[in-house]
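Reader: I have a protein model open and would like to learn how to read it. Could you go through it with me?

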Amino acid sequence: MTYERLMTYLDDCARMESPLLVAGHPAPDTDAAVSSLFEAWRLTVGGTPAVPILQGKLSRETAWLLGDLAFPTIPKASGKWVLTDHHDVAAYDGEVVAIVDHHPVADGENVAGIDVCIRPVGAATTIVAERVKQDGIKLDAACARMLLGAILLDTEGLSPYKAKAEDVAMAEWLVSLSGEPPMPLYHELKEQLLSESDPTVLYERDFRAYTAPDGTPVMGFAILKVKQGNLPDLAAVRRRLVQDAQTYSVAVAKVVLYAPDDSREEMYLAAGSAADAVLTEVLVRSGPSAQRTAPDTVFLPADCHHWGRKRYGLWLMEKLPEKG
Ligand SMILES: [Mn+2]
C-alpha cells in the first residue's frame, strides 16, 4: 500500500459496481475515518471491492493527517455495510455484513449473523492494521503514518489508561515503517485537535448517546477538548444542550481545558430534567475543590479527580430516568 496507490484507489471508488460500503461512525474522528479507509482498501486489495464512506465532516486533525486525500462521494449509499469503530447496526438501511470495532456489545444489541470482530483494544485502527499486516500487504511510510496517527489519537498517545499491548505493538511496527517518532506526531495531531473552536464541531466531534435497553434515550454526553484560554462560546453550547434535552432526560457537555503542561481543568454543563442529578454526581465524585459555578455548571480545577465519560456512564445509567 503506497500513498500513490491509495489516491488511485480512491479515484476508482466512484466507478465500482455494488461495492461493500465501509463506514465509521457519523461523528467521524480519526480512528473512525482511518479504520474505514484502510479496511475498505484492504478488502479491495484482497479481491472484494469496497469503498470507504465518510459520514459527516473530516475533523481538523484528521484532515491534517490525511493531507490531500479525499473520501469518495458515493451518491446513493445503500447496500451491504461493514462498520468500523462502532456497531450501531439498527441505524443502517440494508444489510450489515461485518463489524470491526473496539466498543463492547451492550445488552440487548443483536449482532447475530454478522461477521463480528470486536476486541477491547485502544483503537479500531489497531485491528485494521493487524489485518493489513496478516494479509502480507506492504505499507509505505505515508500510509503507515496515517495508521499510526489514528492509533495515537484514540489512545491519547499510547497512554496506559487507553492503550493495550496490541496497540503498543502495532504502533511500534508502524513507527518502524514510517520512520515517524510517535510523540512529536501525537503532539502535532493534538495541537490540531485543540485548535478547533467552532462550538458545533466541538460538540458533535465526540458525542455519545446513552439509551435504556429498549432504546429509549436517557443521556447525551459530549466531550469538548480545547486549549486553556480557547474556551468555546458557552452560550452556544448551552443552546445546544437545551435542544438535546428535548431528546434526552439529560444532555451533558464536558469541556476539557488543556494547559501547556498537559494538566487540565474541566467544566460540566448540563440541561434537562435530570441535569441536577448529573451535576451532583460530578461534584461528589470529583473531590472537595470542585465547585458549582452556575446552576447548570460544575467547574473542576486541575487538582480534582477527573473521571472519564465511561465511568459516569456506568454510575449514572443506573439512576437516571428515561425520557418520558
Ligand atoms: Mn475508536
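Reader: How many residue pairs are in polar contact between domain 1 and domain 2?

Author: A polar contact is a pair of N or O atoms within 3.5 Å; within protein, one must be able to donate a hydrogen and the other to accept it, and residues adjacent in sequence count only if both atoms are side-chain atoms. Between domain 1 and domain 2 the count is one residue pair, with both residues at pLDDT 80 or more. By class, the side of domain 1 that touches domain 2 has one nonpolar, one polar and two charged residues. Here Ala, Val, Leu, Ile, Met, Phe, Trp, Tyr, Cys and Pro count as nonpolar, Asp, Glu, Lys and Arg as charged, and the others, Gly among them, as polar.

Author: A word on the source: this is a predicted model, where local features need pLDDT of at least 70 and side-chain atom pairs count only at pLDDT 80 or more, while totals for chains, interfaces and linings use all residues. Residues are numbered from 1 along each chain as its sequence is written, and side-chain values use heavy atoms, leaving out hydrogens and water.

Reader: Where are the domains?

Author: The domain assignment, which is automatic or from a database, gives domain 1 as 3-189 and domain 2 as 199-317. Their C-alpha centres lie 28 Å apart.

Reader: What area is buried between domain 1 and domain 2?

Author: The size of an interface is often given as the accessible area lost when the parts come together. Using a 1.4 Å probe and summing over both parts, the buried area is about 440 Å², and carbon and sulfur atoms give 41% of this. Ala27, His103 and Glu156 supply 50% of what domain 1 buries against domain 2, more than any other three residues.

Reader: How many salt bridges cross the interface of domain 1 and domain 2?

Author: Side chains of opposite charge can pair when their charged atoms come close. The rule asks for a side-chain nitrogen of Lys or Arg within 4 Å of a carboxyl oxygen of Asp or Glu, and it finds two across this interface. The structure holds 19 salt bridges. One joins arginine 205 to glutamate 61, with the closest N and O atoms 3.8 Å apart.

Conventions: Buried area is the accessible area (1.4 Å probe) that two parts lose on being put together, summed over both.
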